[in-house]
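Please read the points below alongside the sequence and the coordinates. They are set out as a colleague's note, one topic to a paragraph.

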Amino acid sequence: MSKTTKQFQTEVQQLLDLVIHSLYSNRDIFLRELISNSSDAIDKVRFESHSNEAILEGNTDWKIKIIPDKAAGTLTIRDNGIGMSIAEVEENIGTIARSGTKAFMENLKGKDLASHPELIGQFGVGFYSSFMVADRVTVITRPAGSPTEGCRWESTGDGTYSVEECEKESRGSDIILHLKEEMHEYLDEWKIRSIVKKYSDYVQYPIVMDVTRKEPAKGVDGTVIEGGGDIEKTVEETLNSMKAIWTRPKSEVTEEEYEEFYKHISHDYDKPFRTIHYAAEGTSEFRALLYIPAHKPYDVFVRDQRKGVHLYVKRVFITDHCEELLPDYLRFIKGVVDSSDLPLNVSREILQQDVEIRRIQKSLVGKILSTLGELQEKEADEYLKFYAEFGPILKEGIHFDHANKEKLQELLLFESSRTEPGTYVSLKGYLERMPEGQKEIYFITGTSRQAVENSPHLEAVRKKGYEVLFLIDPVDEWVVQSLTEYDGRKLKAIDRGDLELESEEEKKELEAKQEEAKKQYGSLLNYIKETLADQVKEVRLSTRLTDSACCLVADEFGIGANMERIMKALNQDMPESKRILELNPDHPIMAAMTRLFEKDQKNSRLADYCELLIDQALLTEGSPIKNPLRFTRLVSELMVTDAKGLSD
Ligand code: ADP
């Protein structure tokens with residue numbers, strides 16, 4: 001193939017511009033990113049070689065070499081890792097293959113990136129960070145096992161890149177940065193040394209650089225020649241200590257080292273929120289170094305996001321995204337697990353069925369949940385910060401992880417009719433302040449605090465002095481399907497079925513009153529039901545309303561309004577479910593409608609009022625009404641009639 005010039009994918013160009021312009025205050029990280037890529041590439045070729053030793057071509061002197069060339073103004077990062085073919089270079093560097101990137105870019109638009117570098121950091125700036133210091137980047141690479149497939153990629157970061165075949169003798173990649181004039185400090189030996197020490201000390205492979213040292217001249221027998229002067233000698237020096245941080249005892253690792261390692265594996269720009277480091281012994285032997293990030297990654301709700309912790313077996317890298325080690329609802333956890341019991345040649349299939357993996361998973365989940373529990377107990381404010389980021393993801397566990405449901409339900413927090421906006425109550429806290437006589441835990445689901453707070457369904461419960469949990473996160477609909485009881489108390493939706501708020505005595509009184517009301521309103525209720533037959537399945541008198549005239553409720557097992565809204569938003573087909581229209585017998589509207597009804601059953605006004613009733617019920621619970629135009633026309637007409645009444 002001859003040299004071809006191509007356009008970057010639009011998102012790549014946008015990302016590039018963002019990286020170059022928003023991270024300038026911390027340019028040093030470009031070296032960490034490139035070293036991490038090289039270290040990953042070596043991990044990969046070593047892993048591949050477990051099943052195909054030939055690809056190593058006898059070249060196993062693992063190292064990452066940094067070559068500053070002052071005369072040429074270039075800085076080269078060389079590795080003998082897996083390398084890339086032309087197709088791979090284009091796929092990995094010319095396009096952004098990762099899903100969710102587009103959505104992420106959209107999300108960034110209009111944000112002040114200079115003051116929020118963590119936004120771009122969450123994405124992992126990777127290779128593109130080279131363009132912060134270089135005005136031209138050349139990649140010369142060849143894939144493991146294919147000696148003739150070398151290629152040369154080059155770009156000035158201005159929208160296009162070129163690729164062509166080229167010869168490259170040794171396996172792996174050379175990333176050559178043609179440094180910008182004002183960036184020549186990165187050719188300085190001490191500068192390179194300090195960046196490597198700071199960011200990449202724990203990298204498992206030697207990061208080497210040729211350095212020139214002056215030594216006194218020596219004779220052939222090795223003794224110093226008196227008066228022989230100094231001679232210059234070039235030696236390859238290893239710049240990093242290579243200590244796998246997770247194998248060291250906790251007491252010997254500094255906060256800073258934990259932090260840098262986190263940034264290395266997560267590509268996060270921010271510090272981790274919490275670090276969990278422990279060694280398991282006994283039936284299962286492994287070491288784990290886990291991190292809870294400070295912010296949720298932009299792609300945490302994207303289905304095929306890259307998740308999972310890194311898996312090592314006896315310090316040998318196996319995979320950087322082992323999904324089997326943690327359940328999905330903990331997919332935001334980053335880190336490393338190093339097992340002593342798994343075989344080195346584990347494959348994906350084995351991972352999926354392996355009992356050892358399951359044992360490790362059980363231990364990790366237990367440890368993470370107990371860490372969170374402790375945080376909640378001892379540092380409530382810190383726990384809140386965590387919950388604001390990851391609560392909605394953690395909640396998925398209630399639905400999927402029955403074994404840990406008991407622990408998970410303690411970690412849940414909800415806003416309620418008694419909390420200020422943005423503050424929360426746990427289920428335990430709810431029970432502790434529950435008034436005597438209250439039998440169940442009440443909740444309402446909806447789209448926002450404002451929507452549920454004003455819902456007429458709340459009226460009677462509130463009058464009783466009962467607290468109502470506001471379940472305003474879409475995932476809450478699924479939470480309450482699995483969490484039907486807590487500590488022996490049922491969780492009860494206040495907008496479905498019968499509420500049964502009354503004591504035995506009150507109940508009798510109420511029944512008598514209802515009988516009376518039924519006599520009074522029975523035929524009106526029938527009339528309303530017939531008129532609204534295609535919209536409601538029943539019309540009845542309510543016990544849950546004190547102020548509002550009406551509301552809509554679901555059957556005990558029917559689909560609620562919120563769930564219907566969510567499913568529609570997800571483009572799921574939902575059968576139109578009819579609900580029950582409840583009317584407040586004490587509301588003056590009832591008396592007014594009765595008067596009209598008794599006067600003239602064929603009065604077309606009456607049918608209009610039935611429509612207005614159901615529209616009111618829909619509006620107050622935050623649902624759309626069927627025909628807004630007709631609604632406004634009816635209200636306008638009423639206003640006109642009313643005004644006329646005044647002037648007559
Ligand atoms: P990330 O490292 O977060 O995936 P990068 O933009 O840094 O993002 O790199 C994109 C991809 O290019 C990597 O996932 C890898 O497949 C490939 N790549 C980058 N550097 C190297 C390298 N030195 N050797 C082999 N492949 C590399």
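1. Helices (H or I, at least four residues) and strands (E, at least two) are DSSP runs, numbered from the N terminus. The model is predicted, so that local features need pLDDT of at least 70 and side-chain atom pairs count only at pLDDT 80 or more, while totals for chains, interfaces and linings use all residues. Residues are numbered from 1 along each chain as its sequence is written, and side-chain values use heavy atoms, with hydrogens and water left out.

2. Asp487 lies in the loop that runs between strand E18 (485-486) and strand E19 (489-493), and its phi is near 50°, a positive value in a residue other than glycine. With a relative accessibility of 61%, Asp487 counts as exposed (buried is under 20% relative accessible area, exposed over 50%, and partly exposed in between, with a 1.4 Å probe and protein chains only).

3. Met242, in the loop between strand E9 (230-238) and helix H7 (255-266), likewise has a positive phi in a residue other than glycine, here near 65°. Its relative accessible area is 25%, and Met242 is therefore partly exposed.

4. Helix H2 (residues 29-51) packs on helix H6 (residues 189-200) at an angle of about 65°, with the axes 9 Å apart (axes are lines fitted to C-alpha atoms, for helices over the stretch in contact, and angles run from 0 to 180 degrees between N-to-C directions). The contact (heavy atoms within 4.5 Å) involves Ile29, Leu31, Arg32 and Ile35 of H2, together with Ile192, Ile195, Val196, Tyr199 and Ser200 of H6.
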